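Q: Can you walk me through this one? I'd like to go through it piece by piece.

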Amino acid sequence: MFNFKTAASTVVAAGLMALSATAPAAAQDKYEVYLSMSYIGNDWQAEAANMVKAIASHSNYADRVNLRVQVAGPNAQRQIQQINAMVQAGADAIVVYPISPTALNNVVKNACDKGVTIIAYDGEISEPCAYNVTIDQLEAGRVTAEWLVEKMDGKGDVVLMTGVPGTSVDAARTAAAKEVFAKHDGINVIGEAIGMWSQAVARNELSKILATRDWSDVDGLWMQVGCFTANAMQLEAGIAADALLPCAGEGSNGGRIQMLPAGTEVEGASGPYAPLGAPRISYASPPYSGALAFKLAIDVLDGKEVADLTTLPLPLVTSETVQLCETGSWEEQKAGCNAFLPSLVSNPGWFASIFSEDMPEVGLNAALVGQPED
């Protein structure tokens, strides 16, 4: 079975090598496009990088664009330095996952002044010259919190798992959710931790919270990432599948498979990565947002008109609307399926919200291994 994390690391490493390479003379008329990534320690970021790589290698772009990748980590100063270097190296466009909505403003303004197109995905950049591609993060936090309150009949104790600190994504989602909870006197937040949008980190942080509490002390979970892991931990604690806590959280494929009715026959399902009838609402920033940002950057370079802000549809899936994909084809996703067979996707932390009707260039193989659609 394909090792998703190894492939994702290979994608990033290849991009770093490409950055230092000198483009052949015959390719000098290509657009020079850079991908500037910040934190990459989770499944979503690796998947998004795969989808950018996939669209750059699609026949619509491969002969027109050189894509180069750099990773700054959760360090705004390092990302600033790398973007400066990209501009000096002759970038035509830079696609950015910003570690902060404001920290990059000066370097972005400098790049714009030199004619470089800057377009951020998922996280936003507040400098007016930058383009942004994102979901409504406030809506994501609000809708999921409201779902959880309703599932809890307006009363009970909640544990929160937030995302990557400093990003506009985490700040907006968390603020919106807390605002919803604050409106209900019967809702109490009894634990909160930074989850870094990682299943592994979520497990570690939940374990710390449960070191002084029991699962019986918790009535609901609001987790930017970690519902799959929380369900697995409850099963490990001897809690029956039909007694799992309601969880408002991420669009991981493992979580979506758990949402399917218990007993559903699913190829490759085993352990916690199996249908449980888990009470869930599943949402995500679509990992294709980086690929769409790339596509829009080329449109700008081609002289086409592009909106300053592109707001993507918020993919929301509940236990009532989850639908299994049998093949994972782009056409099948267009018909409405939103969860993938474990035999196709071995990593339960992999994000399933990959479909966009406007992005036929990228599908399942793009997200898994960086290969475009035919």
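A: Here are the points on cores, sheets, charges and rings.

Q: What kind of model is it, and which pLDDT values count?
A: This is a predicted model; local features need pLDDT of at least 70, side-chain atom pairs count only at pLDDT 80 or more, and totals for chains, interfaces and linings use all residues. Residues are numbered from 1 along each chain as its sequence is written, and side-chain values use heavy atoms, with hydrogens and water left out.

Q: OK, the largest nonpolar core. Which residues touch the most other members?
A: Val95, Tyr121, Phe294 and Trp350 do, in a core of 71 residues. A nonpolar core here is a set of buried Ala, Val, Leu, Ile, Met, Phe, Trp, Tyr and Cys residues joined through side-chain atoms within 4.5 Å. Buried means under 20% relative accessible area, exposed over 50%, and partly exposed in between (1.4 Å probe, protein chains only).

Q: What lies apart from it?
A: Another core, of 18 residues. Ala91, Val96, Leu104 and Ile125 are among them.

Q: Switching to strands. What is the strand order in the open sheet of six?
A: The order is β7-β6-β8-β9-β10-β12, with mixed pairing. Helices (H or I, at least four residues) and strands (E, at least two) are DSSP runs, numbered from the N terminus. Two strands pair if DSSP finds at least two bridges between them.

Q: Which strands stand at the edges?
A: β7 and β12 (316–318). Each has a single partner strand, so one side of each is left without a neighbour in the sheet.

Q: And what does the twist average?
A: The twist averages 20° from one strand to the next. Axes are lines fitted to C-alpha atoms, for helices over the stretch in contact, and angles run from 0 to 180 degrees between N-to-C directions.

Q: How many bridges join β6 to β7?
A: Seven, between β6 (residues 156–162) and β7 (residues 187–194), and the two run parallel. Asp157 stands opposite Asn188 in β7. Thr162 has Ile194 as its bridge partner in β7.

Q: Where does the chain cross from β6 to β7?
A: Through helix α6 (residues 168–182), in a right-handed β-α-β crossover. Right-handed means that, with the strands pointing away from the viewer, the path from the first strand over the helix to the second runs clockwise.

Q: Now β5. Which way do its side chains point?
A: Tyr131 and Val133 point one way from β5 (residues 131–134), Asn132 and Thr134 the other way. All are buried. In a regular strand the side chains alternate between the two faces of the sheet.

Q: What is β5 joined to?
A: Three bridges join β4 (residues 117–121) to β5. Three bridges also join β5 to β11 (residues 309–311). β4 runs parallel to β5, and so does β11. Asn132 is opposite Ala120 of β4. Asn132 also stands opposite Leu309 in β11.

Q: Charges next. How many salt bridges are found?
A: A search of the whole structure finds 10. A salt bridge is a side-chain nitrogen of Lys or Arg within 4 Å of a carboxyl oxygen of Asp or Glu.

Q: Tell me about Glu146.
A: Glu146 forms a salt bridge with Arg142, with the closest N and O atoms 3.1 Å apart. Both lie in helix α5 (residues 137–151), four residues apart, about one turn of the helix. Glu146 is partly exposed at 36% relative accessibility. Arg142 is partly exposed too, at 34%.

Q: And Lys295 with Glu361, buried or exposed?
A: Both are buried. Their side chains meet in a salt bridge (3.0 Å, N to O). Lys295 lies in helix α10 (residues 289–301) and Glu361 in the loop between β14 (339–340) and α12 (364–369), so the pair ties together parts that are 66 residues apart in sequence.

Q: Last topic, rings. How many aromatic pairs are found?
A: Seven in the whole structure. Rings of Phe, Tyr and Trp (its six-membered ring) pair if their centres lie within 6.5 Å; planes under 30 degrees apart count as stacked, over 60 as edge-to-face and the rest as tilted. One of the pairs is Trp44 and Tyr97, edge-to-face, 5.8 Å centre to centre with 65° between the planes.

Q: What does that pair tie together?
A: Trp44 lies in helix α2 (residues 43–57) and Tyr97 in the loop between β3 (93–96) and α4 (105–113), so the pair ties together parts that are 53 residues apart in sequence. Trp44 is buried at 6% relative accessible area, and Tyr97 is buried at 1%. Ring pairs link Trp44, Tyr97 and Tyr121 into a cluster.
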